[in-house]
Each structure stands twice: as structure tokens, then as C-alpha cells.
Amino acid sequence: MRITDIQRCDIRPGRLVEWTLSPATVAAARGLPEDTRPPAYIQESHIRTARTVREDGLFVPTWLGAAFDIPGPVDLGALEAALRAWTLRHETLRSGFRPDGDALRRFTLDARDVSLHREDAGEFTDATALVRHLQDRFDVTADALRWPNLMYAAVVRDDSTSVYMAFDHSNVDAYSIYRIPSEIHELYAGRGMTDEAPVSSYIDFCRIERADADRIDEDHETVGRWREFIRRCDGTLPTFPLDLGVEPGGPLPEQKMMCEMLVGPGEAAAFEAYCRPYGGSLVGVLAATALIAGELGGASVYRTVVPFHTRVKSQWSDSVGWYVGGAPIEVPVPADFRSALPAVRAQLQAARPLSRMPLARVLRLLGTDFRPTSPDLYSIVSFTDARALPGAERWDALSAYGLIRVSYGDQVCVWLNRLPDGVWFACRYPDTDVAHKNMRLYVERLRALMAATDGPGPS
């Protein structure tokens, strides 16, 4: 499904119904003892960054969400049962953190103590007012520094109902979001009942990953490789390789969103075939970006951190959580697109194992956290082929979207999604004239490079 923001997901008027975790659930959470399973390093870093930015006087919403339709008249009772059943299926959604000095102490509710509270927010006849209301509600409710930090909503009409779900990033990643429409539809069709085996818990993954991370020290090979990479990035983590017009040390700029079709299905297939001998479309996108970094930015080396999922065992495949790590790569800017492919492939093969070690742990061992003043430590370019994900064939019919909150930030985050109708481009970037000009140039050059390939590449 396409990634966009709430302003661009075709919200239509209707009667708005909202669900949050109930007051009884919140009260039960207050008296819970500590759950000794620790936060993931990525959760801890996210929450600390949110606190630092807030203390600096800026409220920076960073929630993720999903939007999709249920055709025909809706049974609100069945939808509520489906939403509750889905929430109970994923343990991280009923778990939160209490600050304890510099530490975070986890608490986790038993499933029997979790219930939803339904509120009728009234009829909205103006789509713009409805968008503004939903964004404001999600900003306040799906916030990193509060709990509960999730919210569900439905816009009810006679012919269909649109469902909107928002979560603080600490509990979900893009893959989690992609799975939501299919899972909610299945539960809704079964009226909230499911006989499926329990889904593995992200909280258990956090415990395992953190125990592994805490076994390494500053002499570990992974730490050494990150140390050298950061040194070659002038002592920091890489930014986007084009000028963004951001004042160094200045206030965190507002961001804008860019969403559009990049290439159609035929061109996407030809690009994939051309890049397949070197590992596929991700390699091709990074190779193209390296070339563009030289053409438009004057760079001689393209350095970036590539996001990879950390669901390396099948037991985590169906689990909702933030299963993402980063791998550092550096590629000499090539003379042409073809010559960049083997260099990118070699870099990814060598660096991907590093993504399994949380970067926050590495930075702690390096003695720096690059005092977080931005929600993004670095810029990314991500590629996902989402066509095989559950329910992908129905995403268009269900008006399914993955939602990104665009607020403030000095980095660029680019997401390319391969869908049945081609490759879609989405990014958020600083709202400056320079950034807008350079991001448009980047998109047009990337589109041209992808469209220029024809058939299998060199073997």
C-alpha cells in the first residue's frame, strides 16, 4: 500500500467514531509491577529523543498509522471486537514504560484487563475539518511520552466505513502497518474471534536482542566498523547527499511530504530484471542514488545507513513491533549506473550483518549519542517490494494507505514501494526552497534512471 500522510489519503466526510484504551484499562496499568523484559534499544532511543526535543520546546509528533475501508454498512460492534482482538494479539500494544531516572521500566497488562472505550465524535460534513481533527487527536494520543499511545477511528457512511489507526513509532514499523488491513478484515469477518496460534511477542524479541547487544564491548568488530564509518562521515551520521538549505545549528525546520508514482509496472519489472544479477531493486535504487549524489551534489563518495528488518527468524514474521536496524555503506560515486551495481552489492553484503546490532548500543559504546535534537539520526533511502504481503491484491480496492506523520526534521526519509501498479515514491524533507528544488531533481533523475533500464543486466 502507498505511504503518505493523513492529508493525502482521500478522507471523506461521515460520522466519526473513536476508540482508545478504556479508563479501566489505564487504571489497571497504574498498579502493575515492573515487567523485567527491558525496552529495545531503538525504543529507548526514540523515547529519549522525544523527551529531549520536548524539553527544547518543540512538540514533534512521530506516529505511524494505517487507513483502509470496509465496504458496505458496518457493524460497529463487530469492528470493535476485531480491533480489540487484534490489540490483544500483539503484546507490545498493551505494554508501556515508566521513567525511572535515565532508565525506562516496562509494565505489561494481562489480556483480560484490556478493553476499548468507544466515543461518538459526531458528524463531519467537511473533509478538511475531519482531517484536522484526526491529526490533532492522533498527535495527542499516539505520543511517545504518554501511555496509552495508540488510537483507532472509523468514519461511518451508508456505503462504506474508513478505518484509521495510529500508533507511536515505538510499537510499530512499516511492515507492521502493511499487515493491518488484512488482519482487521479477517477478524471483522469472524466477528473478532480467532483460533489462530498466538503471535510471538515483540517484547520477548526486545529481551533477546538486548541481551545479545549487551554482550559486546567497544572492541567488538561491529563497533569498530561503525567507528570507522562515523569517522569518515566527519564524526557524525550521514545526511542526505544533496543540499537541503538547512541552517547548521538552527531551529528544527518544518517538513513537507512528497508522494507520487515513480514508474509503472512495466518499467518496474524491467528495472528489477536489470538489477537482479546484483541483488535486485534495492541495489539499483542505492546505485542510482550514488550516481545522483555525484551529479547533483558533487559528492565523490555516497555514504548512507540502509534500513533492514531484523525479523531474521520466522517466529517474528507475524509480530507487530519495531524490527528495524541500520547497515552503513559507502560507495565511490560511479561514472555510470551500471558500474555502481557491483559496488553497492558488495557493500550491502558486507554491512547487512551490522544491522542486527542496535545502533543505540553501538553509539553508547562509542561514548556518544549525538545529543538527539531531531527525530531522525540520519537520512534513509528504503525500498520494499510489498506485492507478496497479505492482502496486497486488495489494497487499491480498500483504499489502503500507510500513514506517516510529517512535522519537523532536518533529515530526508525516502520510501520506495513496489506495488502491483508500479513503484511509488514517498519522502519527507525539510520545507526549504533549496530542499524542494533538489528533491524534485532527485525524483526526476531517479525516475529517468529506472525507466532507462531494459531487461536483464550484465551477469
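**Exercise 1. The lining of the largest cavity**

Task: In this predicted model, sort the lining of the largest cavity by class: how many residues are nonpolar, polar and charged?

Solution: 
- Start with the lining. The residues are I3, L64, G65, A174, I177, Y178, G402, L403 and I404.
- Apply the classes. Gly counts as polar, while Ala, Leu, Ile and Tyr count as nonpolar.
- The lining has seven nonpolar residues, two polar ones and no charged ones.

**Exercise 2. Cavity count and surroundings**

Task: State how many cavities of 30 Å³ or more there are, and find which elements give two or more residues to the lining of the largest cavity.

Solution: 
- Count first. Four cavities reach 30 Å³ or more.
- Take the largest cavity. Its volume is about 60 Å³.
- Assign the lining to elements. β3 (64-71), α5 (174-189) and β13 (401-404) each give two or more residues.

**Exercise 3. The seven-stranded sheet**

Task: Give the strand order of the sheet, then explain why one side of β1 and of β6 is left without a neighbour.

Solution: 
- Write the order. Seven strands run β1-β13-β3-β8-β7-β2-β6 in an open sheet.
- Check the direction of pairing. The pairing is mixed.
- Look at the edges. β1 (2-4) and β6 stand there with a single partner strand each, so one side of each has no neighbour in the sheet.
- From one strand to the next, it averages 20 degrees.

**Exercise 4. Strand β2 and its partners**

Task: Is β2 mostly covered or uncovered, and how many bridges join it to β6 and to β7?

Solution: 
- Begin with burial. The cut-off is under 20% relative accessible area. Six of the eight residues of β2 (residues 14-21) are buried, so the strand is mostly covered.
- Turn to β6 (residues 116-124). Eight bridges join this strand to β2, and the two run antiparallel.
- L16 stands opposite G122, and V17 has D120 as its bridge partner.
- Turn to β7 (residues 150-156). Five bridges join β7 to β2, again antiparallel.
- E18 is bridged to A153.
- Strands of a sheet pair through backbone hydrogen bonds, either parallel or antiparallel.

**Exercise 5. Cysteines**

Solution: 
- Take the total. The structure holds zero disulfides.
- Check burial. C413 is buried at a relative accessible area of 4%. C275 is also buried, at 0%.

**Exercise 6. Buried or exposed?**

Task: Classify T87 and K313 as buried or exposed, and locate each in the fold.

Solution: 
- Locate T87. This residue lies in helix α3 (residues 76-89).
- Classify T87. Its relative accessible area is 1%, so T87 is buried.
- T87 and L252 are 165 residues apart in sequence, and their C-alpha atoms are 34 Å apart.
- Locate K313. This residue lies in the loop between β10 (301-309) and β11 (324-332).
- Classify K313. Its relative accessible area is 52%, so K313 is exposed. The cut-off for exposed is over 50%.
- K313 and Y323 are 10 residues apart along the chain, with 11 Å between their C-alpha atoms.

Definitions and conventions
Residues are numbered from 1 along each chain as its sequence is written. This is a predicted model: local features need pLDDT of at least 70, side-chain atom pairs count only at pLDDT 80 or more; totals for chains, interfaces and linings use all residues. Side-chain values use heavy atoms; hydrogens and water are left out. Buried means under 20% relative accessible area, exposed over 50%, partly exposed in between (1.4 Å probe, protein chains only). Helices (H or I, at least four residues) and strands (E, at least two) are DSSP runs, numbered from the N terminus. Two strands pair if DSSP finds at least two bridges between them. On a 1 Å grid over the protein atoms alone, a cavity is a set of points where a 1.4 Å probe fits but cannot get out, and a pocket is an open set with protein on both sides within 12 Å along at least five of seven lines; lining residues have an atom within 4 Å of a point. Grid points are joined across faces, edges and corners, and a volume is the space filled by probe spheres set on the points. Axes are lines fitted to C-alpha atoms, for helices over the stretch in contact, and angles run from 0 to 180 degrees between N-to-C directions. A disulfide is a pair of cysteine sulfur atoms within 2.5 Å.
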